[in-house]
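Here is a colleague's note for someone opening this entry for the first time. Please read it with the structure in view.

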Amino acid sequence: MRGSIIRRASLALCAFAVIAASGVAMAQAQLTPAEAIQHRQEQLRRLGASFKAANDQLRSHSPDLAVVRTSAQSIATLAEDFPNWFPQGSGPGPGLDTHAKAEIWSNAAGFGEQVSQLQAAAQSFNQVSAGSDVAAITASARALGARCASCHTDFRERS
Amino acid sequence: MGERAGEREGAARVRVWDGPLRLFHWSLPVLIAFSWWCAESGNLEWHRWSGYTILTLVLFRLVWGFVGSDTARFSQFVRGFRSIGAHLRGAAGPTLGHNPLGALSVVAMLALLLAQTMLGLFAVDIDGIESGPLAVFVSFEQGRIAAEAHHLVFNTLLVLIALHLLAIAFYALVKRENLVGPMITGARRFEGPAGQPPRMAPLWRAILVAALAAGLVYAVAHAFWLF
């Protein structure tokens with residue numbers, strides 16, 4: 001009799017765990033496609049604004065490296081979150097206003113490779129910015145920009 | 001330009017377009033095409049320098065429109081909509097420089113080129129890495145709006161350029177009047193009322209205006225050394 005109580009309790013616990021887990025998954029998937037697109041665009045604009053802030057400083061006669069470092073850190077964090085901005089169904093579709101190409105999902109491996117390279121470049125930029133070699137930081141920024149450009153070429157519709 | 005400027009007896013050969021104006025005119029198609037190609041191929045550094053040159057030319061032309069040769073002056077050909085009507089009816093006589101209808105084209109072209117170059121100064125690209133020199137003074141969002149407007153104005157410019165070419169073709173094929181030759185050589189045959197030939201502005205004045213325009217654009221390219 002005791003064995004069957006433990007068995008039943010374990011089964012109930014498992015069932016609870018499965019329901020809880022799917023509840024979490026559902027919470028994450030609760031964004032409608034339109035909301036997912038809007039969230040993605042907001043995050044990408046934050047990314048662009050951070051990068052602009054850094055590049056503006058690097059172009060200046062006396063760059064404020066504190067601004068560059070703050071930007072580099074934001075960019076690195078955003079880059080880590082990047083893959084989460086492309087849930088299934090948030091690509092081109094009827095009534096959906098996005099520049100994301102369908103290839104992001106049909107060529108997930110290729111897109112994933114681009115994202116990995118972005119993350120690596122962002123980490124590198126973050127590390128180099130910790131120092132004070134403006135030339136090296138600028139070169140790192142250019143490399144990061146090239147990553148943005150190359151992925152946009154492959155996976156973003158031209159405006 | 002006037003009616004049927006052919007090889008008529010009594011038609012005098014007149015200087016109509018000064019050198020600086022002709023140089024200004026022909027530089028534009030070259031630079032506009034070059035700017036477009038640079039943007040398409042991702043050469044944003046060259047694109048900016050091409051844009052700075054166009055801006056210098058436009059600023060030069062705007063000032064030249066007040067201090068240049070007679071035929072370059074806005075007061076001479078920008079005459080208002082009544083004169084356009086009179087010209088179209090044939091009520092006005094032959095014109096030596098830009099006729100009132102051509103004046104519309106000149107004003108529109110200069111306005112679009114000025115708008116295009118100024119928008120470029122503030123534009124930021126999608127990657128946040130390439131931007132105009134004055135983009136440091138605006139936000140990423142504002143720079144993106146400037147970039148989108150820069151694309152839109154370019155398309156409008158293409159329409160205006162197409163109209164310009166159609167007009168030149170119309171004059172050549174229908175009115176049998178060669179407008180291209182005079183814009184190259186600066187001279188044309190004119191059988192209108194024999195009056196004072198247009199006064200040509202001295203070269204030093206053109207050099208001075210061009211130098212001032214270039215100096216201003218140089219300062220703009222460096223964001224006035226404020227950043």
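**Notes on the two chains**

1. Start with chain B. Residues 24 or more positions apart account for 71% of its contacts with a separation of 6 or more; a contact means heavy atoms within 4.5 Å. This is a predicted model, in which local features need pLDDT of at least 70, side-chain atom pairs count only at pLDDT 80 or more, and totals for chains, interfaces and linings use all residues. Residues are numbered from 1 along each chain as its sequence is written, chains are lettered from A and ligands numbered from 1 in the order in which they are written, and side-chain values use heavy atoms, with hydrogens and water left out.

2. Chain B holds 8 helices and 2 strands. Helices (H or I, at least four residues) and strands (E, at least two) are DSSP runs, numbered from the N terminus. The order from the N terminus is β-α-α-α-α-α-α-α-β-α. The C-alpha trace of chain B spans about 65 × 35 × 30 Å along its principal axes. Of the 227 residues in chain B, 44% are buried. Buried means under 20% relative accessible area, exposed over 50%, and partly exposed in between (1.4 Å probe, protein chains only).

3. Chain A has 6 helices and 0 strands. Its pattern along the sequence is α-α-α-α-α-α. Buried residues make up 33% of its 159 residues. Among contacts in chain A between residues at least 6 apart in sequence, 73% join residues at least 24 apart.

4. Look next at helix 5 of chain B. This helix has 23 residues and reaches 34 Å from its first C-alpha to its last, close to the 33 Å expected at 1.5 Å a residue. The expected span is 1.5 Å times one less than the number of residues. Its buried residues include B:Pro100, B:Met109, B:Gln116 and B:Leu121. Among the elements covering the buried residues of helix 5 are helix 1, helix 6 and helix 8 (203-221) of chain B. At the N-terminal end, B:Asn99 caps helix 5 of chain B: a side-chain oxygen lies 2.9 Å from the backbone nitrogen of B:Leu101. (A polar contact is a pair of N or O atoms within 3.5 Å; within protein, one must be able to donate a hydrogen and the other to accept it, and residues adjacent in sequence count only if both atoms are side-chain atoms.)

5. The buried residues of helix 8 are B:Ala206, B:Val209, B:Ala213, B:Val217, B:Ala219, B:Val220 and B:Ala221. They pack against helix 1, helix 2 and helix 5 of chain B. Just after helix 8 of chain B, B:Ala223 takes a positive phi of about 50 degrees.

6. Now the largest pocket. About 1,500 Å³ of space lies in it. Of the 47 residues that line it, the closest to its centre are A:Arg158, B:Ala39, B:Leu44, B:Asp125 and B:His151. A pocket is an open set of points on a 1 Å grid over the protein atoms alone, where a 1.4 Å probe fits, with protein on both sides within 12 Å along at least five of seven lines; lining residues have an atom within 4 Å of a point. Grid points are joined across faces, edges and corners, and a volume is the space filled by probe spheres set on the points. Helix 6 of chain B gives the most to this lining, with 8 residues. By class, the lining has 19 nonpolar, 17 polar and 11 charged residues. (Ala, Val, Leu, Ile, Met, Phe, Trp, Tyr, Cys and Pro count as nonpolar, Asp, Glu, Lys and Arg as charged, and the others, Gly among them, as polar.)

7. The second largest pocket holds about 1,100 Å³ of space. Of its 39 lining residues, the closest to its centre are B:His25, B:His98, B:Ser105, B:His164 and B:Ile168. Helix 6 of chain B gives the most to this lining, with 9 residues. The lining divides into 26 nonpolar, 9 polar and 4 charged residues.

8. B:Ser69 sits in the loop between helix 2 and helix 3 of chain B. B:Ser69 counts as buried because its relative accessibility is 0%. A:Ser50 lies in helix 2 (residues 33-59) of chain A. A:Ser50 is buried, with a relative accessible area of 13%.
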